[in-house]
Amino acid sequence: ALAVALPSMTNLTMLSLQRNDFGPEGANALAGALSSMPNLKNLDLQWNGIGPEGERALAVALPSMTNLTMLSLQRNDFGPEGANALAGALSSMPNLKNLDLQWNGIGPEGERALAVALP
C-alpha cells in the first residue's frame with residue numbers, strides 16, 4: 001500500500017522506513033516507487049532484511065535518484081551480491097555524501113566492488 005502512495009509524493013525529501021522488516025518483497029515494491037521520487041535526499045532503510053534480491057531491485061531504482069545525499073542500508077544482510085549490485089548504481093548518484101552499509105556481510109568481494117565504484 002505504501003509503495004502505491006509514494007510515487008505521488010514527489011516533493012518528499014526524507015524517507016525513513018527503518019526496522020520494518022519488509023524483506024525482499026517489500027524492497028521490490030519500494031524500488032518501483034523510488035524512481036518516481038526525484039527530490040528525495042535522505043533514504044533510511046536500516047534493518048529491513050532486504051537481502052541480495054531486494055538490494056538488486058533497489059540498485060535498479062537508485063540511479064534515478066540523483067538528488068540523494070544520504071543512503072542508509074545498515075543491517076540488511078545483502079552480502080557481496082547486493083554490494084556488487086549497489087556498486088553499479090553508485091556512479092549515477094553524484095550527490096551522495098553519506099552511505100551506511102554496516103552489518104551487511106559484504107565481505108572482500110563486495111568491498112572491492114564498492115571501492116572501485118566510490119570516488
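How are α3 and α4 oriented to each other? They are roughly parallel to each other, a term for angles under 35 degrees, with over 145 counted as roughly antiparallel, 65 to 115 as roughly perpendicular and the rest as oblique. This is a predicted model, in which local features need pLDDT of at least 70 and side-chain atom pairs count only at pLDDT 80 or more, while totals for chains, interfaces and linings use all residues. Residues are numbered from 1 along each chain as its sequence is written, and side-chain values use heavy atoms, with hydrogens and water left out.

Helices (H or I, at least four residues) and strands (E, at least two) are DSSP runs numbered from the N terminus. Two helix pairs are set out below, with angles that run from 0 to 180 degrees between N-to-C directions and axes that are lines fitted to C-alpha atoms over the stretch in contact.

| Helix pair | Angle | Axis separation |
|---|---|---|
| α2 (residues 23-34) and α3 (residues 51-61) | about 5° | 8 Å |
| α3 and α4 | about 5° | 8 Å |

Contact here means heavy atoms within 4.5 Å. In the second pair, Pro-52, Glu-55, Arg-56 and Ala-59 of α3 meet Glu-81, Gly-82, Ala-85, Leu-86 and Ala-89 of α4, and by class this contact has 5 nonpolar, 1 polar and 3 charged residues.

The sheet is open and has 4 strands in the order β1-β2-β3-β4, with parallel pairing; two strands pair if DSSP finds at least two bridges between them. Because β1 (14-16) and β4 (98-100) stand at the edges with a single partner strand each, one side of each has no neighbour in the sheet. Strand β3 (residues 70-72) joins β4 over 3 bridges in the parallel sense, and there Leu-71 stands opposite Leu-99 in β4.

Leu-71 also belongs to the largest nonpolar core, a group of 34 residues in which Leu-34, Leu-43, Leu-71 and Leu-73 touch the most other members. Such a core is a set of buried Ala, Val, Leu, Ile, Met, Phe, Trp, Tyr and Cys residues joined through side-chain atoms within 4.5 Å. Not counting residues up to four places away in sequence, Leu-71 touches partners including Leu-43, Leu-62, Leu-86 and Met-93.

Gln-46, by contrast, lies in the loop between β2 (42-44) and α3. Gln-46 is buried, with a relative accessible area of 14%, where buried means under 20%, exposed over 50% and partly exposed in between (1.4 Å probe, protein chains only). Leaving aside neighbours within four places in sequence, Gln-46 is in contact with Leu-17, Gln-18, Arg-19, Ser-72, Gln-74 and Asn-76.

Conventions: Nonpolar A, V, L, I, M, F, W, Y, C, P; charged D, E, K, R; others polar.
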